[in-house]
2 protein chains.
Amino acid sequence: MKYSVLVEVRLRPGIADPQGSTIERSLSTLGFDGIGGVRVGKSVRFGIEASDEATARAQVDELCARFLTNPVIEDALVSIEAA
Amino acid sequence: MKYSVLVEVRLRPGIADPQGSTIERSLSTLGFDGIGGVRVGKSVRFGIEASDEATARAQVDELCARFLTNPVIEDALVSIEAA
């Protein structure tokens, strides 16, 4: 079966996010108020062929740990749905 | 009221994604098979203070159009929930 996967790679809480801070500082200049806590991450979308959803999830989890994230500073949020 | 916002900035369909292609080529070397259509985007999370959800969404949509995306090559997927 084919599944659609979305992996959101985020910096762990407490890890400095200079890109997010820069966006946050720029917002008031542009006239946007009341926005805070900006954090920037990566989103990776792909399709995976697997026999069932548990197998797909196991493969994606391994992929995240080995390849898509740096586990020291990042974690991954995975969503899988049948395509 | 305070809302949590997630903006996923994606390359539009048809726009070349060299980062995604590189990931896809590397996967078979690492032993991951059956994965295709890799696309890499950005995820931006933040909190916004607004009187209701429609106001929050209008502000976020304007923010996406003016600042977070390049509308020529990117589009944005917005999710908003009460924090």
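**Close-up views of salt bridges, helices and symmetry**

At 26% relative accessibility, Arg10(B) counts as partly exposed. Buried means under 20% relative accessible area, exposed means over 50%, and partly exposed lies in between (1.4 Å probe, protein chains only). This is a predicted model: local features need pLDDT of at least 70, side-chain atom pairs count only at pLDDT 80 or more, and totals for chains, interfaces and linings use all residues. Residues are numbered from 1 along each chain as its sequence is written, chains are lettered from A and ligands numbered from 1 in the order in which they are written, and side-chain values use heavy atoms, with hydrogens and water left out.

**View 1. Asp75(B) and Arg10(B) form a salt bridge.** The closest N and O atoms are 3.8 Å apart. A salt bridge is a side-chain nitrogen of Lys or Arg within 4 Å of a carboxyl oxygen of Asp or Glu. The structure holds six of them over all chains. Asp75(B) is partly exposed, at 23% relative accessibility.

**View 2. Asp75(A) and Arg10(A) meet in a salt bridge.** The N to O distance is 3.8 Å. Asp75(A) sits in strand β3 (residues 74-82) of chain A, and Arg10(A) in strand β1 (residues 2-11) of chain A. These partners are 65 residues apart and link distant parts of the chain. Strands (E, at least two residues) and helices (H or I, at least four) are DSSP runs, numbered from the N terminus.

**View 3. A salt bridge joins Glu8(B) to Arg45(A).** Their closest N and O atoms are 2.8 Å apart. The pair crosses between chains, from strand β1 of chain B to strand β2 of chain A. Glu8(B) is buried, with a relative accessible area of 7%. Arg45(A) is partly exposed, at 27%.

**View 4. Helix α2 of chain B covers residues 53-68.** A straight helix of 16 residues would span 22 Å at 1.5 Å a residue, but α2(B) spans only 20 Å between its end C-alpha atoms. The expected span is 1.5 Å times one less than the number of residues. Ala56(B), Val60(B), Leu63(B), Cys64(B) and Leu68(B) are buried. At the start of α2(B), a side-chain oxygen of Asp52(B) comes within 3.2 Å of the backbone nitrogen of Ala54(B).

**View 5. Helix α1 of chain B has twelve residues, 18-29.** From first C-alpha to last, α1(B) reaches 18 Å, close to the expected 16 Å. Gly20(B), Ile23(B) and Leu27(B) are its buried residues. The buried residues pack against α2 of chain A and β2 of chain B. Gly31(B) follows α1(B), with a positive phi near 90°.

**View 6. A rotation of 180° superposes chain B on chain A.** The shift along the axis is 0.0 Å, and the RMSD is 0.0 Å. That is the relation of a two-fold axis. Copies are superposed by least squares on the C-alpha atoms of residues with pLDDT of at least 70 in both. In chain B, the C-alpha of Lys42(B) is nearest the axis, 2.2 Å from it. The same surface serves both copies: 100% of the contact residues (heavy atoms within 4.5 Å) of chain B recur in chain A.

Methods
Polar contact = N/O pair within 3.5 Å; in protein donor to acceptor, adjacent residues only side chain to side chain.
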